[in-house]
Amino acid sequence: RRARRDEVAHARAMTRLARARGARPPRVRFRASPPRSLEAFALENAVEGCVRELFGAAGLIHQSETASPELRPTFARIARDETRHAALSLRVFHWCASRLDAAARARVTAAMETSIASLLSGWEEPVSAPELGWPSAFTSQRLARQLHATIWRELGSIGSQQA
């Protein structure tokens, strides 16, 4: 619930920043997710939480250090929240893995590894907006490699473990 509240606050903060710079962000609509199997839940958590949320947090930490000074506090606050969300996803990953059979764990980690591979592959330079502090393609690949070496590789090995 806290993570959900955080995401709403993030959307509002980023909308304010965008509007202050002349943008007109589209209105966000939320839909409740239908019930799904433990494996489907674990797969979404692995890809969206363990990979994308964690990588996003790393990128936001970079932005909180390199963006325009007036943007840094917002990026730092969101980075802290996203890091906490990623940590929750890692705990959920282990909880799910302890309840899935070996074949389901293998499918979940395979989906996660596909997502990681796309982050480790080619990057294009971001649109030039130095005030936003976006990581360069080189920095993004470096962040992805560091996360792979320190966190993702271990998670991938869980898929090959016996129940």
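Residues are numbered from 1 along each chain as its sequence is written, and side-chain values use heavy atoms, with hydrogens and water left out. As the model is predicted, local features need pLDDT of at least 70 and side-chain atom pairs count only at pLDDT 80 or more, whereas totals for chains, interfaces and linings use all residues.

The protein chain contains five helices and zero strands, and its pattern along the sequence reads α-α-α-α-α. Helices (H or I, at least four residues) and strands (E, at least two) are DSSP runs, numbered from the N terminus. Along the principal axes, the C-alpha atoms occupy a box of roughly 50 × 35 × 20 Å. The protein chain has 163 residues, of which 37% count as buried; here buried means under 20% relative accessible area, exposed means over 50%, and partly exposed lies in between (1.4 Å probe, protein chains only). Its accessible surface amounts to about 10200 Å², with 56% belonging to carbon and sulfur atoms. Accessible areas come from the Shrake-Rupley method with a 1.4 Å probe, and for residues only the protein chains shown count as cover. Among contacts with a separation of 6 or more, 76% are accounted for by residues 24 or more positions apart, a contact being heavy atoms within 4.5 Å.

On the surface, R12, R16, R77 and R80 gather in a patch of positive charge. Patches are made of residues with over 30% relative accessible area and no salt bridge, like charges being joined within 9 Å and nonpolar side chains (Val, Leu, Ile, Met, Phe, Trp, Tyr) within 5 Å. At least two residues of the positive patch come from each of helix 1 (2-20) and helix 3 (72-97). R16 has its place in helix 1 and counts as exposed because its relative accessibility is 54%.

Side chains of opposite charge can pair when their charged atoms come close. Six salt bridges are found in the whole structure, each defined as a side-chain nitrogen of Lys or Arg within 4 Å of a carboxyl oxygen of Asp or Glu. One of them joins D6 to R84, with the closest N and O atoms 2.2 Å apart. Since D6 lies in helix 1 and R84 in helix 3, this pair ties together parts that are 78 residues apart in sequence. D6 counts as buried at 11% relative accessibility, whereas R84, at 27%, counts as partly exposed. D6, D81 and R84 are linked in a network of salt bridges.

A further salt bridge is formed by R107 and E39, whose closest N and O atoms are 2.6 Å apart. R107 belongs to helix 4 (residues 102-120) and E39 to helix 2 (residues 38-66), so parts 68 residues apart in sequence are tied together by the pair. R107 has a relative accessibility of 43% and counts as partly exposed; E39, at 22%, also counts as partly exposed. E48 and R52 form another salt bridge, with a distance of 2.5 Å between the closest N and O atoms. These two residues are four residues apart in helix 2 and therefore separated by about one helical turn. E48 is partly exposed at 36% relative accessibility, and R52 is partly exposed at 46%.

E53, also in helix 2, is buried yet has no salt bridge, and R84, the nearest side chain of opposite charge, is 9.0 Å away. With residues up to four places away in sequence not counted, E53 touches E7, E48, E82, H85 and A86.

T139, in helix 5 (residues 137-158), counts as buried at 11% relative accessibility. The C-alpha atoms of T139 and G59 are separated by 8.9 Å, although the two residues are 80 residues apart along the chain. P69 lies in the loop between helix 2 and helix 3 and counts as exposed at 60% relative accessibility. P69 and A42 are 27 residues apart in sequence, and their C-alpha atoms are 38 Å apart in space.

Note on methods: Lys, Arg positive; Asp, Glu negative; His and termini not counted. Charge placed at Lys NZ, Arg CZ, Asp CG, Glu CD.
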